[in-house]
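User: I would like to learn how to read side-chain features in a model. Please take me through them one at a time.

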Amino acid sequence: MTATRLQNRNYFENASGGQTAIRNLATSPTYLAHYIEMNVDDDGATDVPNADWANYISEVRVRRNGQDTVKWDVAELLKYNLAFGIPQRAGILPIILTMPYARTLAGEVIGAHTTLGLTHYSVEVDIKAGVTVNTMRLHTKEAAPQQAGPCFNVRRYSGERSATGENVIDEVSPGSYYLAAAILNKTGVDGIEAVVTGKDGNRRKIHDTNLLSREQSYLDSGRVIQSNQTIIDFAPLNQIVSMASGTAVPEILNMDINSLDLEFDWTTAPNAWKMHTIELRNEL
């Protein structure tokens, strides 16, 4: 990774209540993080407090060539940052595009968004109706242009379940990418199993926890679980990329498979649920 720099990419367009604020960015740097700065009129000019971002913004997206690469419900982005040890200060909403919690150098910088060869790259923010925006700017942490590599992705899934007991979530599609975590916006689940069906048709269980063992694993990993949050963690050693016999070997789940079934044993009916997946995908 070349030397990094922090850039002020200036103001968003359409930064007002009920609108989608957009900031188009240059398509040559390698982006490591985006910082959304926001000051609102709330009984006077106020830098948005850390706990209140979801009162002003509903969703943020990072788009590459018109496709959503990162798509977060803001409430879940805040909880992800806190759970994975990414600090933030009032007035700044950070979207980190690497994995700074990794315990290997290769892992810490993996995921940065390379933009060489892209025709369009932007950050979009859905502002809630009735919000009065005083200022809204985007700052970027970036490095020199690089060739395409594993790109940090966040995808969102949703569904409904009105009963307790066992059920399977199989919406996470296989493909040529790696899965680091699946983050559910619910608690009230005891047993969780993740079952992979390989290209050879064989099924194998790669994750099998109850609430107690999962909570101990969170402590081992340094995760700080937030309210209404359950993490199925495929990087419990934080070795996103480890060096085994001199070769880069990912700890995270290779999704070049036939299917992935996430099996939940609900102790409380979740009703409507959302799940965000943390992924590394090779993209232009």
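This is a predicted model: local features need pLDDT of at least 70, side-chain atom pairs count only at pLDDT 80 or more; totals for chains, interfaces and linings use all residues.

User: Which residue meets the side chain of Asp233 in a salt bridge?

Analyst: The general idea is that oppositely charged side chains can pair when their charged atoms come close. Here the partner is Arg223, with 2.8 Å from N to O. The two sit in distant parts of the chain, ten residues apart: Asp233 belongs to strand 16 (residues 230-233), and Arg223 to the loop between helix 3 (211-221) and strand 16. Arg223 is buried as well, at a relative accessible area of 5%.

User: How many salt bridges are there?

Analyst: The count is 18 salt bridges. One of them joins Asp73 and Lys274, at 2.7 Å from N to O. Asp73 is in strand 6 (residues 67-73) and Lys274 in strand 21 (residues 271-282), so this pair links distant parts of the chain, 201 residues apart.

User: Is Asp73 buried or exposed? And what about Lys274?

Analyst: Asp73 has a relative accessible area of 11%, and therefore counts as buried. Lys274, at 31%, is partly exposed.

User: What does a salt bridge within a helix look like here?

Analyst: Take Glu76 and Lys79, whose closest N and O atoms are 3.3 Å apart. They are three residues apart in helix 1, so about one helical turn separates them. Glu76 and Lys79 are both buried.

User: How much of helix 1 is buried?

Analyst: Eight of its ten residues are buried, which means that helix 1 is largely enclosed by the rest of the structure. The buried residues are Val74, Glu76, Leu77, Leu78, Lys79, Tyr80, Asn81 and Ala83. After helix 1 comes Gly85, with a positive phi near 75°.

User: Tyr80 is on that list. How should I read an aromatic pair?

Analyst: Two values describe a pair of aromatic rings: the distance of the centres and the angle of the planes. In this model the count is five aromatic pairs. Trp72 and Tyr80 make a tilted one, with 5.2 Å centre to centre and 35° between the planes. Trp72 has 2% relative accessibility and so counts as buried. Tyr80, at 1%, counts as buried too.

User: What are the values for Phe84 and Tyr101?

Analyst: Their ring centres are 4.8 Å apart and their planes meet at 50°, so this pair is tilted. Phe84 lies in the loop between helix 1 (74-83) and strand 7 (92-96), while Tyr101 lies in the loop between strand 7 and helix 2 (105-109); the pair therefore ties together parts that are 17 residues apart in sequence. Phe84 and Tyr101 are both buried. Together, Trp72, Tyr80, Phe84 and Tyr101 make up one aromatic cluster.

User: Which charged residue sits over the ring of Tyr177?

Analyst: Arg281 does, with its charged end 3.7 Å from the ring centre.

User: How do I read a nonpolar core?

Analyst: Nonpolar side chains in soluble globular proteins tend to be buried together. In this structure the largest nonpolar core has 55 residues, and Met38, Val60, Tyr80, Met136, Ile240 and Ile278 have the most contacts inside it. Strand 3 (residues 30-41) gives the most to this core, namely six residues. Apart from this core lies another of 22 residues, including Ile169, Ala182, Leu253 and Ile257.

User: What is Ile278 in contact with, leaving aside neighbours within four places in sequence?

Analyst: Its contacts include Trp72, Tyr80, Met99 and Tyr101. Also among them are Phe152, Val154, Tyr178, Leu179 and Ile183. Trp72, Tyr80 and Tyr101 belong to the aromatic cluster described above.

User: How does strand 3 pair with strand 10?

Analyst: For strands in general, a regular one has side chains that alternate between the two faces of the sheet. Strand 3 and strand 10 run antiparallel and are joined by ten bridges. Within this pairing, Ile36 has Leu138 in strand 10 as its bridge partner. Strand 10 (residues 133-143) also pairs with strand 1 (residues 5-11), in the antiparallel sense and over five bridges. There, Leu6 stands opposite Lys141.

Notes
Residues are numbered from 1 along each chain as its sequence is written. Side-chain values use heavy atoms; hydrogens and water are left out. Rings of Phe, Tyr and Trp (its six-membered ring) pair if their centres lie within 6.5 Å; planes under 30 degrees apart count as stacked, over 60 as edge-to-face and the rest as tilted. Buried means under 20% relative accessible area, exposed over 50%, partly exposed in between (1.4 Å probe, protein chains only). Helices (H or I, at least four residues) and strands (E, at least two) are DSSP runs, numbered from the N terminus. A charge sits over a ring if NZ of Lys or CZ of Arg is within 6 Å of the ring centre and within 35 degrees of the ring normal. A salt bridge is a side-chain nitrogen of Lys or Arg within 4 Å of a carboxyl oxygen of Asp or Glu. A nonpolar core is a set of buried Ala, Val, Leu, Ile, Met, Phe, Trp, Tyr and Cys residues joined through side-chain atoms within 4.5 Å. Contact means heavy atoms within 4.5 Å. Two strands pair if DSSP finds at least two bridges between them.
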